[in-house]
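Try each task before you read its solution.

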Amino acid sequence: MKVYQTNEIKNIALVGSAGSGKTTLAESMLFEAGVIKRRGSVEAKNTVSDYFPVEQEYGYSVFPTVFHAEWNNKKLNVIDCPGSDDFVGGTITALNVTDTAVVVINGQYGPEVGTQNAFRYTEKLGKPVIFLVNQLDSDKCDFDNIINSMKEIYGPKCVQIQYPVTTGPDFHEIIDVLIMKKLSWSSEGGAPKREEIPAEEMDKAMELHAALVEAAAENDEGLMEKFFEEETLTEDELRQGIRQGLVTRSILPVFCVDALKDMGVQRLMEFLGNVVPFVSDMPKVHNTRGEEVEPDSNGPESLYFFKTGMEPHIGEVSYFKVMSGTVKSGDDLTNADRGSKERIGQIYACAGASRIPVDQLNAGDIGCTVKLKDVKTGNTLNGKGTDQRFDFIKYPNSKYSRAIKAKNSADTEKLMAALLKMRQEDPTWVVEQSKELKQTIVHGQGEFHLRTLKWRLENNEKIAVEFEEPKIPYRETITKQSRATYRHKKQSGGAGQFGEVALIVEPYAEGMPDPTVYKFGGQEFKMNIKGKEERDLPWGGKLVFINSVVGGAIDLRFMPAILKGVMDCMESGPLTGSYARDVRVVVYDGKMHPVDSNELSFTLAARHAFSEAFKNAGPKILEPIYDLEVFVPADFMGDVMSDLQSRRAMIMGMDTEAGYQKLQAKIPLKELSNYSVALSSLTGGRASFTAKFASYELVPNDLQQKLIAEHEKETAEDE
């Protein structure tokens, strides 16, 4: 295989909704480029992209698949991304390491929520976009309506390069207004027959051609001057203007294909090879120090590892992008993230499950290697004298969580190892061993995302697992002042145990003045502060601990033991066993014994005194509240709002964004547990949402009583 230079390499992501036909398109692209001799199909389970057993089981892409095609002395590295929002991590990874997004639209439905999500990510990353309307042979396809929807959503930047003469089962002709030809295919697809545009289509074609010429001219001053003088541009000038417009996102070209019948794919490949930007045309990536890194083949060697695949009989396959320099087999590199040394073995150009050995890859290129010792997804490997690190891929927050455990407890260690290994393949699977909830929690992007994880554990790893609803990390606090005294006394021969602690608890708020006096039952307690410690609690909120003991009633050396007793109770609140927060504790009196007092005695005394005072201080349970954004088609707005209100959500606002309604709400975490499933069911999978932790708020009284009763029942059962 030829060694391609940076200015001969183009990196492209295929993105779009589930069912839009990206995997089928990938097959036709590979076939047209001569990489494969025969096109596979999703139904036959023999495509280059969906080659993992779980993908063949479900008939959906789960992982982004990297492949390449050589076209007209250019190298096109293509990443076919999963369409389901549950596997959005693959899309985000691909868009970060490629330079152009081909957004595939299902001709039956037009722009869907998956289209919007993908486009939103390209917007954030500033990536050029080409729209590709697929499945034009469907009875349901209304191309004009799709174009109108796209112009409403994306504005006048949406410029047609092609349109179909007719859609439905008779589709086999496209008018291309860039080359001003009619393209037609036989029933087998493949190479088109190029003909003059028929007279009955000429007016429409000329109108669209003029719009394309004007859009292309706007991106170059020289072209604009020529356009004003001659009102036209040559084909090469058009390509130049479109390329510049792609880089600045001022042009969003629209193409037509029927990927299943291989109609229009060859023409798409020509456009990708001739027009879309090279790696060298795109804005430079920044390293973690904020420095621009030039994709220069003569620069220092630096590889960024963006994906890890686990393949049977091979193990880890590590996919990388050459950020700078040139990589060759046998290179000795240093892992900037882990400090370890690595020797690169054979390097490959990617082709799905197949790999083609190559001698070297230059800056901007994408490849893979196997059998690295200590390289994880997100790591950077550098050549001698180079100190680069990259951390530019940001994944969305999780949307769906489940507690997971092995059905056979003997498999617990094996399960954890498998989960950590699988997280290398998909960083949006987040594994948390919660000390607080005493559960292992797996966070993902949706129910299907976690169902896929379970399938792989049970079928690939042979570990039987079960999911449970995760417990909610409630918090406990108090609403008023209270005081308590407790004496711990134990005498059983020899040295005894003695410690007495008198303390006051009250709610703590940031900036509160130090206490000077308290009143309880008509009695006044003056405070004389001897010491104060503020603790930011790992689970949020604060504990303020004040020593106000006078007259040597308790030695200073016992204060750490008293604080330990208080902290023990803060870690397991008396209402539900949840963490407590935002409490001020003032130890103002007590007693000790010259022989029997020790640290343990005061820890136990403090525990009991604090627990009693806490229960009498108007204790309240707090629950986590999340900021929720729901993107929903207008038709489903009423149903979605009703469902949210039934979940104790508070609607904060509504807006319109890119043709969809955007609902903003605050919702308790408990009510989000199955929200992804419910939203999908309500909207036929056409809505999406994001959720982010906002704050802790008081639980309603009726729910608080229910939670306390449940905790008491659980505690009694454990005893």
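Contact here means heavy atoms within 4.5 Å. Keep in mind that this is a predicted model.

**Exercise 1.** Find which residues of H3 meet which residues of H4, and describe the crossing.

*Solution.* 
- Step 1: Locate the helices. H3 covers residues 88-97 and H4 covers residues 113-125.
- Step 2: Compare the axes. They come within 10 Å and cross at roughly 35°. The crossing of H3 and H4 is right-handed.
- Step 3: List the contacts. From H3 come Val88, Ile92, Leu95 and Asn96; from H4 come Ala118, Tyr121, Thr122 and Leu125.
- Step 4: Sort the residues of this contact. Six are nonpolar, two are polar and none is charged.

**Exercise 2.** Classify the ring pair of Phe131 and Tyr154.

*Solution.* 
- Step 1: Take the distance. The ring centres are 4.8 Å apart, and rings pair if their centres lie within 6.5 Å.
- Step 2: Take the angle. The planes are at 35°, so the pair is tilted.
- Step 3: Place the residues. Phe131 is in strand S5 and Tyr154 in helix H5, 23 residues apart. Both Phe131 and Tyr154 are buried.

**Exercise 3.** Classify the ring pair of Tyr675 and Phe689. Are Tyr675 and Phe689 buried or exposed?

*Solution.* 
- Step 1: The centres lie 5.2 Å apart.
- Step 2: The planes are at 75°, so this pair is edge-to-face.
- Step 3: Tyr675 belongs to helix H15 and Phe689 to strand S40, 14 residues apart.
- Step 4: Buried means under 20% relative accessible area. Tyr675 has 0%, so Tyr675 is buried. Phe689 has 4%, so Phe689 is buried.

Technical notes: Residues are numbered from 1 along each chain as its sequence is written. This is a predicted model: local features need pLDDT of at least 70, side-chain atom pairs count only at pLDDT 80 or more; totals for chains, interfaces and linings use all residues. Side-chain values use heavy atoms; hydrogens and water are left out. Axes are lines fitted to C-alpha atoms, for helices over the stretch in contact, and angles run from 0 to 180 degrees between N-to-C directions. Helices (H or I, at least four residues) and strands (E, at least two) are DSSP runs, numbered from the N terminus. A crossing is left-handed if the near helix is turned anticlockwise from the far one by less than a right angle, and right-handed if clockwise. Ala, Val, Leu, Ile, Met, Phe, Trp, Tyr, Cys and Pro count as nonpolar, Asp, Glu, Lys and Arg as charged, and the others, Gly among them, as polar. Rings of Phe, Tyr and Trp (its six-membered ring) pair if their centres lie within 6.5 Å; planes under 30 degrees apart count as stacked, over 60 as edge-to-face and the rest as tilted. Buried means under 20% relative accessible area, exposed over 50%, partly exposed in between (1.4 Å probe, protein chains only).
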